[in-house]
Amino acid sequence: MSAIAEPLLRVPAEPWRQRLLRRLLYGRDANRGAKARARVGLAIMAFAVVYSIIAVRLVMFAVVSDSRTVHRVVSGDAIATARPDILDRNGEVLATDVRVPSLYAEPRRLIDVDEAVELLTADLPDLDATELRERLSSKRGFVWLKRDITPDQQSEIYHQGLPGIGFLNENKRDYPNGAEVSHVLGHVNIDNQGIAGIEKWLDGQGLAALHMAGLATDRLQTPVQLALDLRVQHALRDELIKARAKYSAIAAAGVVLDVRTGEIVSMVSEPDFDPNNPREALDPTRINRLTTGVYEMGSTFKAFTVAMALDSGKVTLKSMFDAHNPMHYGKFDIHDFEPMQRALSVPEIFTYSSNIGAAHIAMAMGIDAHKAFLKKLGQLDRLRTELPESAEPIVPKRWGELNTITIAFGHGLSVAPLQAVMGIAALMNGGILLPPTFLKRSEAEAQSLGKRVIKPETSAMMRYLMRLNVEKGTASKADVPGYYIGGKTGTADKVVFGRYSNTKVLTDFMAVLPADQPRYLLLIMLDEPHATPESHGFKTSGWNAVPTGGAVVARIAPLLGIQPRLDLPPADQQILASMKESR
Amino acid sequence: MILRLLNFVVIGALVLAAAYVYRIKFDSTVQAEHLAKLRSEQRHERDRIAALRAEWGQLDNPARIEALAKRFTQLKPIAPTQFDTLDRLPEHPSDDARAANDDPIGGLIGTPEPLDSVTGTIPASIPDSAPAAVPSIAPDVAVPAVSPDVTPDPAPAADEAVAPDVTENPDQ
C-alpha cells in the first residue's frame, strides 16, 4: 500500500518561480481539486445559459416569423381607409369601396425632374406642369401627384420606368346610384373620411378611430343596412323632379316614413347632388331641406291643434266653433282662405282648413296646454337622427296668445319638416311617438323606444279626419283608388325680409296610407311653387303638392307591398265604426 | 462497448430528429407562404367582387332600368286594379273534368250565363271564330309556343282585354 501511495503523496518538484506565482494567486493552502470542480460547474452554467438563450430564440423565430408572413402588408396598398359597404333595406349596394391606383413621387429619389415632368404630363394631360415641377423639386420624402388614375394610365407610367415614381392602391368610395341617394348618404373626402350624412355618422361610430390606428385595411367590416328602399327612393325622386319642373318651384322635398317603426324608407330633397362629385354638395341651394331647413308648415299643423283638442276630451268631433267673422287680435286679423260665414264642426274646420276655427280650438285649450302638447310631440326641440345635419326649430321666445293663435294653423313656429313628419306619424299610428331613424329597425325595437303621446281613439279620429279630407276636403286630388289615402294639406306664406310675402308660398302635403290601417306617412313639400294653367291660378297645396302626392302614392304603394282594396266604404264607416266596435 | 453503441444510437437519433424538425419547419414555411398568397388572392378577388358589385349597382339603378324600359318595352306602371289575391283565383280544374272535356277551363266556367254579361275577362262580344293569332305584347320578344294539349281558347279573350291598353300609344 505504501509502495503505491508514496509516489502520489510526493509533491512533484516545481520550479520555485511557479510556486511563488501560485502562492500569490491562490493563497498558501488552496484546495485545487475543489476549485477545479467549481470552475467546471461555472462553465457548465454559462454554456447552459447561452444555449438556452439560443434555444428560446430559435423557438421565437419559428413562431413569430410565421405569423409575420401571414400579416405581411401587401406592398402597394398601405393606406388604411376601408369603409363598410352601405346597403339599402333590400341589400342593394348604395356605397362601396373600390380600389384605385394613385400616383405618388419621392422627390429625393428623382434623378431628372425635367424628364419626369415631361413624361408624366404626356400621360396625364390634366396635370398642371408648373405645379408638378414645383412638387417634384421640393425636398420632401413623399408627395401625391394624382389620386385615382385609371389602370391604363398606371400601366403606361409604369412602363416609363421613372425612378422615384410609384403607385399606391387606395380605397375610393363609390356610389353606384349617383344622385339618387344623396343627402342620406352624404359623402366622403379624398382620404375616405365621412364629411356628411350617414358617412359622417359611421365615422362617429368608431370607424374614425380604426382609421387612425391604421386597422381598417380590410374589407371584412360588416355592411351597414339602411331603412331606405332604393326603388321607392327613385320613384319619389322622379316624381319630385317632375313636380319641381311643372310648378317651377325652387325646391321639392319628400319623405316616406314607416309609421310603425319610424324607419325613413325614402328621403329626397331636390335639388340634390351626386355624392361621387362632392363639390356639388357645397352649393347652398342643394341643402337637405328636410333636416337642415326649418319652415312654417302651414295648415298641416292644424292636425296637431285638432288632435290636442280631441285628446283632451273637452272637444269631440261634434263640437262646433264659430267661424262667422275674421278673428281680430290686436292689430291682426285672422282670415280664412275660403270663408264659410257660419259655425263649423271640428271635421269641417279640418277639411275646409279654417284658420279661424283652428285658432278658436287652440284658444279653448289654452296657451300652456298647446305648448305642452307640441313639446310632447317633439316639435319644440331639435330633432336628432343619425344624420349629423340638423336644425333647431325657431320657437317664439315669449309665447303669448297671438303665438298660440298663429301656431294653431301653422304660422309662427318653424320646424324641420322631418320633425313635423315624426309628430304627424305619432298622431296616425295609434299615438306612439317614435324617433325617426335611417337604419333598419324592427317593430319590436321601435316599440321599446316609443312613447305614448295620445290615446289610440284620438289617433283613430285623426285618421278619420285625414281620410275625410281626401274624400271631400282640400286633398281630394290625391285620392288614388285602392290605397285609401288620408291627408292634410298646408300652404304657408313665406317670410321674405321679415314680412309674410303675398306671392311666395311653401306648400306641403302629409298623406297617410292606408288611412284605416296606417303603414306609411308621406310628406311632399314644394318651395315657392307657381300657378299653372291647370291650377286656375291657384298655388295652394291642393293644386300642386297634393297631385304630386297622389302620383307618388300610385307609384310607391305597390313597391311598399300595400295591397290595393277597391270599393271600401267612406271614412265614417270604415274608420269610426270600427273604432267603436273595438271599444 | 454498450455505452459506445448507445452513443452512436443517440447521435443517429439526434441527426434524424434534426432532419425531421427541419422538414417540418420547411413545410410550414411553404404552407405559410401559400397561405399568404391565398390571402392576397382572396383580397384581390374581394376587391374585384366589390368593383363588380359597384358596376352591377350602376347597371341595376332604377333610373337606368326605367329609361331602358321606356325605350325598349311598352310596359306601363301597374294600376291598382291589376292586383288580386290568390284566394280569389278560380279553382284548379279537377282531373275528371280535364279527362272528360278537352277544354277544361272552359268547362269549369261553363256557359250558363248569356254572353251579354260583361266581366273583366270576358269582353262584350266574343267572336264565334276566336282569332287564331294571339296578339303578342312585345313584337320583338319571342312568344313561347303554346303546347297543343293546353287549349288556347280562353287566351285570346284575356288578351283582348289587355290589348287595347297596350296598343293605345304604340309610338311610346
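Predicted model: local features only at pLDDT ≥ 70, side-chain atom pairs only at ≥ 80, totals over all residues.
Residues are numbered from 1 along each chain as its sequence is written, and chains are lettered from A and ligands numbered from 1 in the order in which they are written.

User: Which strands are the edge strands of the open sheet of five strands in chain A?

Analyst: Helices (H or I, at least four residues) and strands (E, at least two) are DSSP runs numbered from the N terminus. Two strands pair if DSSP finds at least two bridges between them. The order in the sheet is β7-β6-β18-β17-β16, with antiparallel pairing. An edge strand pairs on one side only, and the two that do so are β7 (264-270) and β16 (486-496) of chain A.

User: Which helix packs on this sheet, touching β6, β17 and β18 of chain A?

Analyst: Within the sheet, β6 (residues 251-258) and β18 (residues 520-527) of chain A pair over eight bridges. A helix whose direction makes about 145° with that of β18(A) touches both strands, and β17 (499-513) as well; such angles run from 0 to 180 degrees between N-to-C directions, along lines fitted to C-alpha atoms, for helices over the stretch in contact. That helix is α14 (residues 417-428) of chain A.

User: Why do the buried residues of α4(A) line one face of the helix?

Analyst: A residue is buried if 20 or more other C-beta atoms lie within 10 Å of its own, exposed if 12 or fewer, and partly exposed in between, with C-beta atoms placed from the backbone. In α4 (residues 113-123), A:Ala116, A:Val117 and A:Leu120 are buried, whereas A:Asp114, A:Glu115 and A:Ala122 on the other side are exposed. The buried residues line one face because, seen down the helix axis, the directions to their C-beta atoms fall within an arc of 100°.

User: Is A:Leu377 buried or exposed?

Analyst: A:Leu377 is found in the loop between α12 (367-376) and α13 (401-408) of chain A. It has 23 other C-beta atoms within 10 Å, so A:Leu377 is buried.

Conventions. Contact = placed C-beta atoms within 7 Å.
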